[in-house]
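Dear colleague,

Please find the structure below, handed over for your study. My notes on what was found in it follow directly after.

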Amino acid sequence: MGPGFCRITLAAPDIASLVEPGQFVQVFMPPEHPHMLPRPFSIYKADAENGVLTILVEIKGKGSRLLADRGPGSFLKLLGPLGRGFPPPPPGSILVAGGMGIAPLAFLAESVNKPRTLLYCARTADLLVCPGADLDLPGLQIIRATDDGTTGIKGTAADLLSGQIEGAPAVFACGPRPMLTAVKEICLRWGVNAWLSLEERMACGIGACVGCVVLTIDGYKRVCRDGPVFPAEEVILDG
Amino acid sequence: MDEKKDKKRQEKEFEPDLSVDLAGIVLKNPVLAASGPFGYGHEYGELTNFKDLAGIIVKGVSLEPWPGNSPPRISETPAGMLNAVGLQNPGLRNFIKEDLPRLRNCGLRLIVNVVGCTMDEYAGVACGLAGEVGIDGLELNISCPNIKAGGMAFGTDPAATRQVVEAVRRETKLPLLVKLSPNVADIGIMARAAEEAGADGISLINTLSGMLINTADKKPLLGNTFGGLSGPAIMPVALKMVWQAAEAVKIPVLGMGGITTADDALQFIMAGARAVAIGTGLFYNPELATVIKTGLERYLKKEGLLNLDQLEGIARS
């Protein structure tokens, strides 16, 4: 992957056999760093047969740096699978990934064989980090776009989705909040069901501490437990 | 060599007794889950074995449901975290209907943290819980920094502390702990006010008031602007305040604030705490109660002590 990003593959047979697309794991810090919170990561790939999981890591803080620096064969404590994932996508679904939002959507894309379209978007080419080989899946159409036009179509995820949504039975999205807000608005306008995977700062990751909430039409809900995937019409993203 | 063997044999000969009596609440060991991080216990119950936790202080319960603060609610800090959850809770009636029945069956001592914006609200919760089976004690939260009215306002003024403790005391016969705020000039004065008003025990510390700014947004990081700092970063502050509170009152003290090891727990006990509570440390290690319990046992065996009695406040003597 490009500089500042990495894939970490973890031997975790129990989680690999249970995890569904959109769910996540809490990765605990190495024991030499006992005073840091575990970090939540969406599952990028799960291979139940070989008992391995892969997560995508953007190295942007101390925690991600520590994890990225762990060499092959080192031990990490995991908790998962956690949260509610995506429902199965019907044929013709559109998957919208913004930047690191590719992680749960690559897993979702891999989980079905039906025709589906992935809109893979980022600000600039360097941020479309997912290797092409990882997305080389039968029946998956991929359209790439960047805000600055350095790769693929020049435009935002919203621009791309607006051109593709007609006739789609459902939309599945993960990415930055402004992108999700735009996706929600487009899907509501077209009357298309949409599921959004949200990100929030977490502590416990299991629903106890109520630290990672999002405002919904039914009040605050826990991203870690009631989500991270929510029906678009439920969440109030600017709240 | 022989000496070593002798010592080993001695260690094997007795099982130290970790039980303590915290203000009339008998605990099998001195480790409780602090109010907040543990929620109402259900989630951690699915995850870890409760066997090494003596009890749980459930998340604050108010008279009516509280929505909590707008996100973001938490952020990690060096060796700690800042939170402004704002005591989101389902309210007294829902707590009794939904949470209490499940908590009754988990085999743990149960202490309910009571919150309010007014004196009547605090008293109302205590009154509403009075007839409920399975509650071993109340913890009066007059120290939450994250709510607009009530909360810490009661815990930073000795006269207000006295009034609210008296009001709750009238409504409950249960052991009553009063949870104090560290955001005061003299913790001893607050502890004495609670004791004089009828508290059976003092619990401290709640979080230290703080904030962070997101420089990319040029705005406060937390939705609530201000939050409370917890975790190992505040441990020495908490320890000092437990020491001072224990010196100021005769009633037992429940110590907490950044405990992540058995040695931390021992320090609180040696400063004068009868028991300890773990909060943020549970996020780092959901099995922390086991780590602390095992460490305390090992220490008592090594020191040839039968129980924790002689250690309570020993560093002050």
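**Salt bridges and their surroundings**

Arg222(A) and Asp226(A) form a salt bridge, with their closest N and O atoms 3.3 Å apart. The term salt bridge here stands for a side-chain nitrogen of Lys or Arg within 4 Å of a carboxyl oxygen of Asp or Glu. Please note that this is a predicted model, in which local features need pLDDT of at least 70 and side-chain atom pairs count only at pLDDT 80 or more, while totals for chains, interfaces and linings use all residues. Residues are numbered from 1 along each chain as its sequence is written, chains are lettered from A and ligands numbered from 1 in the order in which they are written, and side-chain values use heavy atoms, with hydrogens and water left out.

Over all chains, the structure holds 22 salt bridges. One of them joins the side chains of Arg177(A) and Glu200(A), at 3.9 Å from N to O. Arg177(A) belongs to helix H5 (residues 177-190) of chain A, and Glu200(A) to the loop between strand S11 (193-197) and strand S12 (213-216) of chain A, so the pair ties together parts that are 23 residues apart in sequence. Helices (H or I, at least four residues) and strands (E, at least two) are DSSP runs, numbered from the N terminus. Arg177(A) is partly exposed at 27% relative accessibility, whereas Glu200(A) is buried at 16%. Buried means under 20% relative accessible area, exposed over 50%, and partly exposed in between (1.4 Å probe, protein chains only).

In chain B, Lys293(B) forms a salt bridge with Asp52(B), the closest N and O atoms being 3.3 Å apart. Lys293(B) lies in helix H11 (residues 288-303) of chain B and Asp52(B) in the loop between helix H2 (42-47) and strand S4 (55-61) of chain B, so this pair ties together parts that are 241 residues apart in sequence. Lys293(B) is partly exposed, with a relative accessible area of 22%, and Asp52(B) is buried, with 6%. Salt bridges that share partners join Lys51(B), Asp52(B), Lys293(B) and Glu297(B) into one network.

**Where the chains meet**

Contact (heavy atoms within 4.5 Å) links 24 residues of chain A with 32 residues of chain B. The two chains bury about 2,300 Å² between them, 62% of it on carbon and sulfur atoms. In chain A, the residues that lose the most area to chain B are His35(A), Arg201(A) and Tyr220(A), together 27% of what that side buries. Buried area is the accessible area (1.4 Å probe) that two parts lose on being put together, summed over both. Across this interface the rule finds 2 salt bridges. Arg222(A) takes part in a salt bridge with Glu43(B), at 3.0 Å from N to O.

**A residue in chain B**

Is Arg109(B) partly exposed or buried? Arg109(B) counts as partly exposed, because its relative accessibility is 34%. Arg109(B) lies in strand S7 (residues 109-114) of chain B. Leaving aside neighbours within four places in sequence, Arg109(B) is in contact with several residues, including Ile25(B), Ala54(B) and Asp136(B). The side chains of Arg109(B) and Asp136(B) are joined by a polar contact of 3.3 Å. A polar contact is a pair of N or O atoms within 3.5 Å; within protein, one must be able to donate a hydrogen and the other to accept it, and residues adjacent in sequence count only if both atoms are side-chain atoms.

Yours sincerely
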